Amino acid sequence: MLTEGLVVVHEALGEEGQRLRRLVLKGPFAQTAKAGQFVAVQVQDSSISSYDPLLRRPISIAEISPDRNEITLLYRIVGRGTEILARARCGERLSVMGPLGQGFSLSAEGELWLIAGGIGVFPLYALAQSALAKGLTVRLFWGGENQQFLESAGLSHWQALGIPIHLSTLDGSLGQQGLVTEQLQERLSQLVGQAKQEQLIDCEKISVATCGPKKMMQAVTELCKASGVQVEVSLEERMGCAVGACLGCVCTLIDVAGTLIHKKVCQDGPVFRGEEVVWDVLC
Ligand SMILES: Cc1cc2nc3c(=O)[nH]c(=O)nc-3n(C[C@H](O)[C@H](O)[C@H](O)COP(=O)(O)OP(=O)(O)OC[C@H]3O[C@@H](n4cnc5c(N)ncnc54)[C@H](O)[C@@H]3O)c2cc1C
Ligand code: FES
């Protein structure tokens, strides 16, 4: 599980101002990785020999290529750790722990709807690829700040998959103006109306996977619950060890009997069933 990843591509993703990066790593993790899992990358500055920063940084696996023994990580530079990571050059070897956590579960048939907020779209790409390879129908709902963000964060790669895509931007520069959840709500209402007319509940054939801001995933879960659609959510918590030892990433869930339980996002997640998450006391 602890291994080295050879940097084979490390480049800016889209407009420089978005501070997004694409990092392709070659290593054994590519053979077992599943959509929804993540790796914990060591980001120590090699120019000064120190253990600072001590903690690895968790990044989702955005693409898995077992034939090339490669995984792709897409990340935004937000602080010191990702700034150090962004300096890694091709040919360098990074210490990588993973693949870690529990990924998304895929239905055997039916439609998979992906609901993404901002850079929450990154882990959903690997899921879309696995679902398409299994013959599922995939549909993406993706909301972002504006056109520049969506184009920088990989819109053309999604379009190349040839799937239906519903875009939302806050400023209306691309797709429908507003929140991605509004488009989901419209589509679910259409579907429920259609199902009633045809006296069959098509919602059972749909499953939803979502990743993005907590408020968005909570809203997605509530909409899906109201329509009888199964939803899986990918939670993001600050992590310490990333392997279940420090309890730094504990979240609150509710089990089928209605009892509150605690689980570790790094080991039991990051993917959970939406209905089991207690959103108001997440950590
Ligand atoms: C399971 C998992 C998967 C992730 N996948 C991705 C990914 O695919 N792409 C990506 O860009 N980022 C991803 N992240 C977030 C990424 O780990 C953080 O952005 C990174 O650790 C920040 O490190 P830093 O030292 O640069 O920033 P810091 O200096 O540690 O923090 C900078 C800012 O980012 C916030 N932040 C840091 N870590 C997190 C976190 N885990 N959740 C929410 N906010 C945080 C801090 O509160 C602070 O405001 C993921 C996180 C988790 C837990
Ligand atoms: S980060 Fe240490 S238990 Fe999850």
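Mentor: Start with a term. A residue counts as buried if 20 or more other C-beta atoms lie within 10 Å of its own, as exposed if 12 or fewer do, and as partly exposed in between. By that rule, 40% of the 283 residues of the protein chain are buried. Keep in mind that this is a predicted model.

Our part is A40. A40 belongs to strand β3, which runs over residues 38–41. Is A40 buried or exposed? A40 has 24 C-beta neighbours inside 10 Å, so A40 counts as buried.

Now look at what surrounds A40. Set aside the neighbours within four places in sequence. The contacts of A40 are then R56, R57, P58, M97, G98, L100 and A242. Take G98 from that list. G98 is 58 residues away from A40 along the chain, yet their C-alpha atoms are 6.5 Å apart. Among contacts with a separation of 6 or more, 66% join residues 24 or more positions apart.

Stay with G98 for a moment. The peptide bond from G98 to P99 is cis, with omega near 5°. P99 lies in strand β7, residues 93–100. Most peptide bonds are trans. There is a cis bond between G269 and P270 as well, with omega about 10°. P270 sits in the loop between β15 and β16.

Step back to the core. The largest nonpolar core has 77 residues, and V39, L114 and V220 touch the most other members. Helix α3 gives this core its largest share, seven residues. What does L114 touch, leaving aside its neighbours within four places in sequence? L114 is in contact with L124, L127, A128, V138, L140, F141 and A209.

V220 takes us to helix α7, where V220 is one of the buried residues. Check the length of α7 next. At 1.5 Å a residue, its 14 residues should span 20 Å, and the end C-alpha atoms are 20 Å apart, so the two agree. After α7 comes G228, with a positive phi near 70°.

N69 is not a glycine, yet has a positive phi of about 60°. N69 lies in the loop between β5 and β6. With 15 C-beta neighbours inside 10 Å, N69 counts as partly exposed. L247 also has a positive phi, near 65°. L247 lies in the loop between β13 and β14. L247 has 11 C-beta neighbours inside 10 Å, so L247 counts as exposed.

Next, ligand 1. Of the 21 residues around ligand 1, the nearest are S60, Y75, G79, G81 and T82. Elements giving two or more residues to this shell are β4, β6, α2 and α3. Strand β4 gives the most, with four residues. By type, the shell holds eleven nonpolar, four polar and six charged residues.

Last, the whole chain. The protein chain has seven helices and 16 strands. Its radius of gyration is 19 Å, close to the 19 Å from the globule rule for 283 residues, so the chain is as compact as a globular protein of that length.

How values were computed. Residues are numbered from 1 along each chain as its sequence is written. Chains are lettered from A and ligands numbered from 1 in the order in which they are written. This is a predicted model: local features need pLDDT of at least 70, side-chain atom pairs count only at pLDDT 80 or more; totals for chains, interfaces and linings use all residues. Two residues are in contact if their C-beta atoms, placed from the backbone, lie within 7 Å. A residue is near a molecule or strand if its C-beta atom, placed from the backbone, lies within 6 Å of it. Ala, Val, Leu, Ile, Met, Phe, Trp, Tyr, Cys and Pro count as nonpolar, Asp, Glu, Lys and Arg as charged, and the others, Gly among them, as polar. The expected span of a helix is 1.5 Å times one less than its number of residues. The radius of gyration is taken over C-alpha atoms; the globule rule is 2.2 Å times the number of residues to the power 0.38. A nonpolar core is a set of buried Ala, Val, Leu, Ile, Met, Phe, Trp, Tyr and Cys residues joined through C-beta atoms within 7 Å.
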